[in-house]
Amino acid sequence: MAAISFTINGKSASVEAEPDTALLWVVREHLELTGTKFGCGSGLCGACTVHVDGKPLRSCQIAVSKVAGRNVTTIEGLSPNGQHPLQKAWVAEQVPQCGYCQSGQIMQAAALLATNKQPSREQIVEHMDGNICRCGTYPRIVKAIQRAAKEA
């Protein structure tokens, strides 16, 4: 075990964990931030997407030791009251069905809008490729991102 310190959702955190523990498990089990979901465990579905220093990464594939001293943002940190333009657009477009993948989808989309305020439909589709929704809500995801881009 090692003490690993980093910033999560704007607050300092220090956890005792094996250095190779996946960030996903530290976020969910040590810090009790359960918005980030376990999907495939192989970094293929995107359900566990978080931001590390502003970049979307699969938390199931990152050892917690790799985020020491860095900034991690989870869905809970995107907006303290759920009023991020993407969260509002997700509700307005009624995106979720089962909802399991949605936090990862929103985190992936937030990274896009942070670097491209007005992405084209093609840019949205390309950027979101790799975040899987087994309910097939892709058309509503694209509409929600377009709405958030207009209203932000």
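## Close-ups of the sheet, its hairpins and the salt bridges

**View 1. Strand 1 meets strand 5.** Ile8 has Val72 as its bridge partner in strand 5. Strand 1 and strand 5 run parallel and are joined by two bridges. Strands here are DSSP runs of E with at least two residues, helices are runs of H or I with at least four residues, and both are numbered from the N terminus. Two strands pair if DSSP finds at least two bridges between them. A word on the model: this one is predicted, so local features need pLDDT of at least 70 and side-chain atom pairs count only at pLDDT 80 or more, while totals for chains, interfaces and linings use all residues. Residues are numbered from 1 along each chain as its sequence is written, and side-chain values use heavy atoms, with hydrogens and water left out.

View 2. Five strands make an open sheet with mixed pairing, in the order 2-1-5-3-4. Strand 2 (11-17) and strand 4 (55-58) sit at the edges with a single partner strand each, so one side of each has no neighbour in the sheet. From one strand to the next, the twist averages 40°. Angles run from 0 to 180 degrees between N-to-C directions, with axes being lines fitted to C-alpha atoms, for helices over the stretch in contact.

**View 3. The hairpin of strand 1 and strand 2.** These two strands run antiparallel and are joined by seven bridges. Look for Thr7, which stands opposite Ser12 in strand 2. The hairpin has two residues between its strands, and Asn9 in the turn has a positive phi of about 55°.

**View 4. The hairpin of strand 3 and strand 4.** Strand 3 (residues 49-52) pairs with strand 4 in the antiparallel sense, over four bridges. Val52 has Lys55 in strand 4 as its bridge partner. Two residues lie between the strands of this hairpin, and Asp53 takes a positive phi near 50°.

**View 5. Asp53 reaches Arg70.** Asp53 also forms a salt bridge with Arg70, where the closest N and O atoms are 2.9 Å apart. Asp53 is in the loop between strand 3 and strand 4, while Arg70 is in the loop between strand 4 and strand 5, so the pair ties together parts 17 residues apart in sequence. A salt bridge means a side-chain nitrogen of Lys or Arg within 4 Å of a carboxyl oxygen of Asp or Glu. Asp53 is partly exposed at a relative accessible area of 41%, and Arg70 is partly exposed too, at 31%. For these labels, buried is under 20% relative accessible area, exposed is over 50%, and partly exposed is in between (1.4 Å probe, protein chains only).

View 6. Four salt bridges are found in the structure. In one of them, the side chains of Arg147 and Glu93 meet at 2.8 Å, N to O. This pair links distant parts of the chain, with Arg147 in helix 6 (residues 138-151) and Glu93 in the loop between helix 3 and helix 4, 54 residues apart. Arg147 is partly exposed at 29%, whereas Glu93 counts as buried at 15%. Arg147 also meets Glu151 in a salt bridge, at 3.6 Å from N to O. Salt bridges with shared partners join Glu93, Lys143, Arg147 and Glu151 into one network. Glu151 counts as exposed, at 53% relative accessibility.

**View 7. Helices across the sheet.** Helix 1 (residues 23-30) lies across strand 1 (2-8), strand 2, strand 3 and strand 5 (71-73), and runs at about 105° to strand 2. Helix 4 lies across strand 3, strand 4 and strand 5, at about 35° to strand 3. Contact here means heavy atoms within 4.5 Å.

**View 8. A nonpolar patch.** Trp25, Phe38 and Tyr100 make a nonpolar surface patch of about 280 Å². Tyr100 sits in the loop between helix 3 (85-92) and helix 4 (102-115), and counts as partly exposed at 40% relative accessibility. Patches take residues with over 30% relative accessible area and no salt bridge, joining like charges within 9 Å and nonpolar side chains (Val, Leu, Ile, Met, Phe, Trp, Tyr) within 5 Å. Accessible areas come from the Shrake-Rupley method with a 1.4 Å probe, and for residues only the protein chains shown count as cover.
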